[in-house]
Amino acid sequence: MLTTIIQANTYQDSVTLMVLSNHVSSLEGINKVSIMMGTPANLDIFKSTGFYTEELEAATPQDMCIVVDAETDQTEPLLKAIHDFLNNQTKQAGADKAEVRSWKAALEELPGANLALLSIPGQYVEYETRKALNQGLNVHIFSDNVPVEVERELKQLADDKGLLVMGPDCGTASLAGIPLAFTNVVREGRVGIVGASGTGIQEVATLIDRLGGGVSHAIGTGGRDLSTEIGGISMKAGIRALAEDVTTDTIVVISKPPAKEVREEIEQLLQQVNKPVVAFFVGDHGLAPVNHVVYADTSEEAALLALGKSTQERNRTDVTSNGASRIIGLFSGGTLAAETADLMGLSFGVEADREHRDGFSFDYDGNVVIDLGDDVYTQGKPHPMIDPSTRIDFINRYCDTDDSIVLLLDNVLGYGSHENMAGALLPTLTELQATRPNVEVIVNVCGTEQDPQRYSAQKQLFEAAGILVAESNVAAVEYALRMIGKEVPQFKQKTVPSVEPSTHKIESSEAIQQLLRAPKVVNLGLRSFADAVISEGGHSVQYNWQPTAGGKPHLQRLLALMS
């Protein structure tokens, strides 16, 4: 029996509601609960998941919609649980933290604010981003579902104003040691990163940290930035910013292969930089250095080269074939899945799946690599970095076999991620080991000792259960390939060439340089993002944002163009 409850004018961000749905689904007497705001996109999700009811027809984008599947009426205990959860979230935000309800109040509360961090529904991003840019703020857009033409307009507007837009769908960034969104806590150092890849940035940055180095800044651009439609606007702004930044000695550029014409522009700009550059384009291999720009074949190689180390200095465990026949990779990080698929493709002599259908990065002869953070798996559900349930379902499904297989997993630590993913996955993995001795598990923990979850603590939990923890994503793939008797891809040794003096002078705007020196953040959306900024010594004000214009997208668009 489906019961619908609509709470009018009760806005909550989507991540909070997904976690809330998961939380209250465990209540006695309830089969499943779905809780979302009444936006047109969310109503479509209710329909596609079989949770749509006639009562939802009256919902507006500002209404919290609750649909519960239960044998008997559970309205009273459900509403109490929801109230208690949301009230606890508010208390955890802390009474001592500044919270406001308007742009005017935010800028008064935080003088000198220079960055807006948006984790609000995508249909409202254009309006709020234009307001931020017109008030002289750079913008980090964590939100997705922003049309590509809107992204282009916003980034061009920012570029015209000497400002930077990171995103949309920018999952991670770190400026002067201040974490933004889903970010690891990495020691400060002299390597600056700019990337169109969230977990690509995280993997390289955490490896740099564990190799003894540090990061000055990690600038995210959003995954579409190097497409023909966007033209690398944010990537070029990020490169210029790091080229002028006095705390950065070496620059690392990370992306999946850019559009041809965009790549040419990026590479021309990199040739003008008076600093060593390491470029890592996932899936591109064997590229010769061009002057002071060296091309890494893997994320691990990018980290080593950024620190002036040789790939011969990699740490490896002695792993040989154990008779396994297939590899199953179930990932929360999209770039980690893409790199795994690429390396497996090289070993098998086939192409990785660039189309990424249903999150599949690789599917050949029973070997699969799946990105469980793909949109197809996160509609109305928390991301697998937050909630282990989707991955546990896939582990049980793919390991229900008599075949001898290697199960590859990632565990991405940092702010925003699950507080103890190892602990959440281990009951399933230990039961698997007891009932399916034909399954060998390998985990790559992407994190640092400074992360809230602590790299060593997560690593120890897995190892105590007899699970192999690899030194990097690349190492994990190599171990898996060896276990099934396949050749590991080999790449030429590289060094970072010295930089010849150049007459070119790259300039970055004072507004962006000030952002790199001391980010001050107006946070619209997830409170935990503001908490992370403050916990690492930064300045942030929480803007308790609510939709304007009745939450109607066409009125939002009109207001955005008028702002």
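Predicted model: local features only at pLDDT ≥ 70, side-chain atom pairs only at ≥ 80, totals over all residues.
A residue is called buried when its relative accessible area is under 20%. Val 439 has a relative accessible area of 8% and is therefore buried.

**Val 439 and strand β19**

Val 439 lies in strand β19, which covers residues 439–446. Leaving aside residues up to four places away in sequence, Val 439 touches Cys 399, Ile 405, Leu 407 and Leu 432. The C-alpha atoms of Val 439 and Asp 402 are 9.0 Å apart in space, although 37 residues separate the two in sequence.

**Asn 411 and strand β18**

Asn 411 is placed in strand β18 (residues 405–412). With a relative accessibility of 2%, Asn 411 counts as buried, because the cut-off for that class is under 20%. The side chain of Asn 411 makes a polar contact of 3.0 Å with the side chain of Gln 458.

**Nonpolar cores**

The largest nonpolar core holds 76 residues, of which Met 166, Leu 180, Ile 239, Val 253 and Ile 442 touch the most other members. Helix α16 (residues 473–483) gives the most to this core, contributing eight residues. The contacts of Ile 239, again without residues up to four places away in sequence, are Val 194, Ile 251, Val 253, Ile 266, Leu 269, Leu 270 and Val 273. There is also a second, separate core of 44 residues, and Val 24, Trp 103, Leu 110 and Val 139 are included in it.

**Salt bridges**

Side chains of opposite charge can pair when their charged atoms come close. Across the whole structure, 28 salt bridges are found.

| Pair | N to O distance | Relative accessibility of the Arg or Lys | Relative accessibility of the Asp or Glu |
|---|---|---|---|
| Arg 187 and Asp 209 | 3.4 Å | Arg 187: 37% | Asp 209: 3% |
| Arg 263 and Glu 267 | 3.3 Å | Arg 263: 15% | Glu 267: 23% |
| Lys 459 and Glu 463 | 2.8 Å | Lys 459: 25% | Glu 463: 38% |

Arg 187 and Asp 209 form a salt bridge, with 3.4 Å between the closest N and O atoms. This pair links distant parts of the chain: Arg 187 belongs to the loop between β9 (178–181) and β10 (191–195), while Asp 209 belongs to helix α7 (residues 198–210), 22 residues apart. Arg 187 is partly exposed at 37% relative accessibility, whereas Asp 209 is buried at 3%.

The other two pairs each lie within a helix. Arg 263 and Glu 267 are four residues apart in helix α9 (residues 260–271), so about one helical turn separates them. In this pair Arg 263 is buried and Glu 267 is partly exposed. Lys 459 and Glu 463 are likewise four residues apart, in helix α15 (residues 455–464), and are therefore separated by about one helical turn. Here Lys 459 is partly exposed, and Glu 463 is partly exposed as well.

Salt bridges also join residues into a network, whose members are Glu 151, Lys 155, Arg 224 and Asp 225.

Note on methods: Residues numbered from 1 in each chain as written. Heavy atoms only, no water. Salt bridge = Lys/Arg side-chain N within 4 Å of Asp/Glu carboxyl O. Buried < 20%, exposed > 50% of the residue type's maximum accessible area, 1.4 Å probe, protein only. Core = buried A, V, L, I, M, F, W, Y, C linked by side-chain atoms within 4.5 Å. Contact = heavy atoms within 4.5 Å. Polar contact = N/O pair within 3.5 Å; in protein donor to acceptor, adjacent residues only side chain to side chain.
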